[in-house]
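Please read the report below alongside the sequence and the model, which are displayed first.

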Amino acid sequence: MARFKYAYQYYNAITDARASIRQVDISHKHAREIGVAISGLLVDNARDYLTDVVNKQRAIPFGRYKNQVGHRSDSGVMAGRYPQKAANAILKLLNSLENNAEFRGLDVDRLQIVNVTVHKGTIMKRFTPRAMGRATPKNDALVHVEVVAREAGV
């Protein structure tokens, strides 16, 4: 397995915990918007928020990738969606982050998400067969997501 580095430059080994998922087949646009939405929240609040997104009770506000995105009735959300697949993947990442923080001896109840970084990964190149012996390319970009959390008040 390849050895990856984290993009976050201000990591402090004493007060911070981090986790990452690599080469996940989710939408990089959805992952980016989820990262913006949960950045700055406590980990417990972020988990509750993403659970509500999976249950379609709260929407993720879309700021950058909002063309042709309908409005939602949530307060403070103009254009928004319910990206369930990406939310489930990032929920698993938050569980991993909590486990890493607990292993390091940090207070899990005071963990605040400091940084969420989303990168495009490897591109899976495939073809869809079409009529008359033709084919159409179908390229999917895998995604890397990194989360760094710090004890609040430190």
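## Report on the predicted model

Y8 is buried, with a relative accessible area of 14%, where buried means under 20% relative accessible area, exposed means over 50%, and partly exposed lies in between, as judged with a 1.4 Å probe on protein chains only. Y10, by contrast, is exposed, its relative accessible area being 65%. This is a predicted model, in which local features need pLDDT of at least 70 and side-chain atom pairs count only at pLDDT 80 or more, while totals for chains, interfaces and linings use all residues. Residues are numbered from 1 along each chain as its sequence is written, and side-chain values use heavy atoms, with hydrogens and water left out.

One aromatic pair is found when the whole structure is searched. The rings of Y8 and Y10 have centres 6.2 Å apart and planes at 80°, so the pair is edge-to-face; rings of Phe, Tyr and Trp (its six-membered ring) pair if their centres lie within 6.5 Å, and planes under 30 degrees apart count as stacked, over 60 as edge-to-face and the rest as tilted.

**The chain as a whole**

The protein chain has three helices and five strands, which are DSSP runs numbered from the N terminus (helices H or I with at least four residues, strands E with at least two). Along the sequence these elements follow the pattern β-α-α-β-β-α-β-β. Of the 154 residues in the protein chain, 36% are buried, and the C-alpha atoms fill a box of roughly 65 × 45 × 25 Å along the principal axes. Among contacts (heavy atoms within 4.5 Å) with a separation of 6 or more, 67% join residues 24 or more positions apart.

**Helices α1 and α2**

In helix α1 (residues 28–38), the buried residues are A31, E33, I34, G35 and I38, and their cover includes α2 (43–54), β2 (60–61), α3 (84–103), β4 (111–129) and β5 (135–151). At the start of α1, a side-chain oxygen of S27 comes within 3.3 Å of the backbone nitrogen of K29. After α1 comes G40, which has a positive phi near 95°.

The 12 residues of α2 should span 16 Å at 1.5 Å a residue, and its end C-alpha atoms are 16 Å apart, which agrees; the expected span is 1.5 Å times one less than the number of residues. V43, A46, R47, Y49, L50, V53 and V54 are the buried residues of α2. Seen down the axis of α2, these buried residues fall within an arc of 165°, so they line one face of the helix, the arc being that of the directions from the helix axis to the C-beta atoms. They pack against α1, β2, α3, β4 and β5. Just after α2, K56 takes a positive phi of about 60°.

**Two loop residues with positive phi**

Most residues other than glycine have a negative phi. Q68, in the loop between β2 and β3 (80–81), has a positive phi, and M132, in the loop between β4 and β5, likewise has a positive phi. Their values are set out below.

| Residue | Phi | Relative accessibility |
|---|---|---|
| Q68 | near 65° | 79%, exposed |
| M132 | near 65° | 74%, exposed |

Key. A polar contact is a pair of N or O atoms within 3.5 Å; within protein, one must be able to donate a hydrogen and the other to accept it, and residues adjacent in sequence count only if both atoms are side-chain atoms.
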